[in-house]
Amino acid sequence: MESKGFTVACFNRTVSKVDDFINGRAKGKKIIGCHSIEEFVASLKTPRKIMLMVKAGQAVDDFIELVLPHLAGGDTIIDGGNSHFPDTIRRTAYVESKGKLYIGTGVSGGEEGALLGPSIMPGGSPKAWPSVKPIFQKIAARPLMANPVATGSAKRCRPLRENGAQRHRIR
Amino acid sequence: MAKADIGLIGLAVMAKLDFKYGKQGLHRRLLQSHGFKG
């Protein structure tokens with residue numbers, strides 16, 4: 001994201017890793033290291049977009065609970081992990097019930113995709129799409145990003161997404 | 001610094017990058033992927 005011109009704020013549960021990152025790979029780049037959730041949320045433009053890159057499962061639910069009280073209506077939580085699609089459907093309904101927006105998105109392409117352009121398949125709250133569209137479309141591998149965010153969960157589209165990733169690797 | 005466009009929680013993927021490639025190794029792999037030898 002940073003290499004595509006976006007300023008990125010980052011937070012990690014083990015706060016020392018934020019400092020390691022800021023003083024290492026992120027040095028001199030448009031990356032803001034944050035040491036608390038309050039500082040992290042305050043560092044974001046509104047409507048806020050928060051992407052979780054944590055292990056699928058309980059950690060996703062824990063972080064949703066952690067950030068939700070700090071968000072306003074129209075803010076979006078994005079799960080970029082490998083969550084099972086029924087969990088994404090459940091979390092979308094839950095976060096929307098709190099007046100916020102939620103997207104579960106598969107990010108495929110591995111570490112090289114992360115740097116050169118991953119295949120992205122977002123699904124969740126349709127109202128979230130206008131705010132995340134400029135970022136997702138700019139960072140993604142191009143072929144599959146013609147369509148807007150799907151309702152519900154896009155995880156059912158895994159084979160299609162994987163095809164996109166393979167095509168990107170071949171290129 | 002200006003406010004951020006997006007926030008990212010979880011830096012494990014960065015540690016994975018360092019583990020897999022290392023800072024020098026990453027550059028080498030990227031150059032190789034674009035057709036350079038070395």
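**Entry 1. The model.** I note at the start that this is a predicted model.

**Entry 2. Chain B.** I looked up what chain B is built from and found 2 helices and 1 strand. Read from the N terminus, the order of its elements is β-α-α. I also looked up burial: of the 38 residues in chain B, 24% are buried.

**Entry 3. The strand of chain B.**

**Entry 4. Pairing across the chains.** Which strands of chain A pair with β1(B)? One is β1 of chain A, residues 8-11, which runs parallel to β1(B) and is joined to it by 4 bridges. Another is β3(A), also parallel to β1(B), with 3 bridges. I then looked up individual partners. A:Val8 is opposite B:Ile6, and A:Ala9 has B:Gly7 as its bridge partner.

**Entry 5. The interface.** How many residues of chain B are in contact with chain A? I found 16, and they meet 28 residues of chain A. On the chain B side, β1 and α1 (12-21) each supply at least two residues. α1(B) gives the most, with 5 residues. By class, I read 10 nonpolar, 2 polar and 4 charged residues on the side of chain B that touches chain A.

**Entry 6. Strand β3 of chain A.** Within chain A, β3(A) runs parallel to β4(A), and 4 bridges join the two. A:Leu52 turns up again here, opposite A:Asp79 of β4(A).

Entry 7. Why do they line one face of the helix? I then looked up what the buried residues pack against.

**Entry 8. Helix α4 of chain A.** I looked up the length of α4(A), residues 85-97. Its 13 residues reach 18 Å from the first C-alpha to the last, close to the 18 Å expected at 1.5 Å a residue. Its buried residues are A:Thr88, A:Arg91, A:Thr92 and A:Val95. They cover an arc of only 105° around the axis, so they are on the same side of α4(A). The face turned away from that buried side carries the exposed residues A:Pro86 and A:Ser97. Among the elements that cover the buried residues of α4(A) are α3 (58-67), β4, β5 and β6 of chain A. After α4(A) comes A:Gly99, and I read a positive phi for A:Gly99, near 85°.

**Entry 9. Domains of chain A.** Where are the bounds of the two domains? Domain 1 covers 1-43 and domain 2 covers 46-170 of chain A. I found 6 residues of domain 1 in contact with 7 residues of domain 2. The domain 1 side of this contact has 4 nonpolar and 2 charged residues, and no polar ones.

**Entry 10. One loop residue.** I looked up A:Lys27, which sits in the loop between α1 (16-23) and β2 (31-33) of chain A. Is A:Lys27 buried or exposed? A:Lys27 is exposed, because 9 other C-beta atoms lie within 10 Å, and a residue with 12 or fewer counts as exposed. I also looked up its distance from A:Val8. The C-alpha atoms of A:Lys27 and A:Val8 are 13 Å apart, and the two are 19 residues apart along the chain.

Notes: Residues numbered from 1 in each chain as written. Chains lettered and ligands numbered in written order. Predicted model: local features only at pLDDT ≥ 70, side-chain atom pairs only at ≥ 80, totals over all residues. Pairing = 2+ DSSP bridges. Buried ≥ 20, exposed ≤ 12 C-beta atoms within 10 Å, placed from the backbone. Domains from an automatic or database assignment. Contact = placed C-beta atoms within 7 Å. Nonpolar A, V, L, I, M, F, W, Y, C, P; charged D, E, K, R; others polar. Expected span 1.5 Å × (residues − 1). Arc of directions from axis to C-beta.
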